[in-house]
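Please open the structure in your viewer and keep the selection tool at hand. The stops below say what to select next and what is there.

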Amino acid sequence: KSSIHAEECAIKFCQENDKRNRYQIIISKYNKEGYHIPKMSCRFCCNLAARLHYQKRIFTIDEKGTLISSISDNPEYPLSHKIKNGL
């Protein structure tokens, strides 16, 4: 089974609660040492963000602690898609 990604949950929350479209979505991930590492959105989440006009509102935190866009030009497929299709 595929899972629900953080971007999906955050976009749903914003659609229900952010009436003025001011919220920013920050996706974060930590390494074993406890430092932030960038978490780029998968292909599915990038397409979802573009379709719902959230592509300029989803960010991640890099190793230096600055916000960068989580949407990339060439996103990877989600892990569930890779497993299902043997990629």
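Select Arg57 first. In this predicted model, Arg57 has a relative accessible area of 13%, so the residue counts as buried, the cut-off being under 20%. Its side chain meets that of Asp18 in a salt bridge, with 2.8 Å from N to O. The structure holds 1 salt bridge. Side chains of opposite charge can pair when their charged atoms come close.

Which parts of the chain does the pair link? Arg57 sits in the loop between α2 (43-51) and β4 (58-61), while Asp18 belongs to the loop between α1 (6-17) and β1 (25-27). These are distant parts of the chain, with the two residues 39 residues apart.

Stay in these two loops for the backbone. Asn21 is in the loop between α1 and β1, and its phi is near 55 degrees, a positive value in a residue other than glycine. In the loop between α2 and β4, select His53. Its phi is also positive, near 65 degrees, and again the residue is not a glycine. Most residues other than glycine have a negative phi. Is His53 buried or exposed? His53 has a relative accessibility of 62% and therefore counts as exposed, the cut-off being over 50%.

Next, select β4, residues 58-61. Both faces of this strand are covered. Ile58 and Thr60 lie on one side, Phe59 and Ile61 on the other, and all of them are buried. In a regular strand the side chains alternate between the two faces of the sheet.

Now show the strands that pair with β4. With β1 the pairing is parallel, over 3 bridges, and Ile26 stands opposite Phe59. With β5 (residues 67-69) the pairing is antiparallel, again through 3 bridges. Here Ile61 faces Leu67 as its opposite residue. The hairpin of β4 and β5 has 5 residues between the strands; pick out Gly65, which takes a positive phi near 90 degrees.

Display the sheet as a whole. The 3 strands form an open sheet with mixed pairing, in the order β1-β4-β5. β1 and β5 are the edge strands, each pairing on one side only. On average, neighbouring strands of this sheet are turned by 45 degrees against each other, direction ignored.

The last stop is Arg43, in helix α2. How far apart are the C-alpha atoms of Arg43 and Thr60? The separation is 16 Å, for residues 17 residues apart along the chain. Which residues are in contact with Arg43, leaving aside its neighbours within four places in sequence? They are Asn74, Pro75, Glu76 and Tyr77. With a relative accessible area of 27%, Arg43 is partly exposed, whereas Arg57, where the tour began, is buried.

Notes. Residues are numbered from 1 along each chain as its sequence is written. This is a predicted model: local features need pLDDT of at least 70, side-chain atom pairs count only at pLDDT 80 or more; totals for chains, interfaces and linings use all residues. Side-chain values use heavy atoms; hydrogens and water are left out. A salt bridge is a side-chain nitrogen of Lys or Arg within 4 Å of a carboxyl oxygen of Asp or Glu. Helices (H or I, at least four residues) and strands (E, at least two) are DSSP runs, numbered from the N terminus. Buried means under 20% relative accessible area, exposed over 50%, partly exposed in between (1.4 Å probe, protein chains only). Contact means heavy atoms within 4.5 Å. Two strands pair if DSSP finds at least two bridges between them. Axes are lines fitted to C-alpha atoms, for helices over the stretch in contact, and angles run from 0 to 180 degrees between N-to-C directions.
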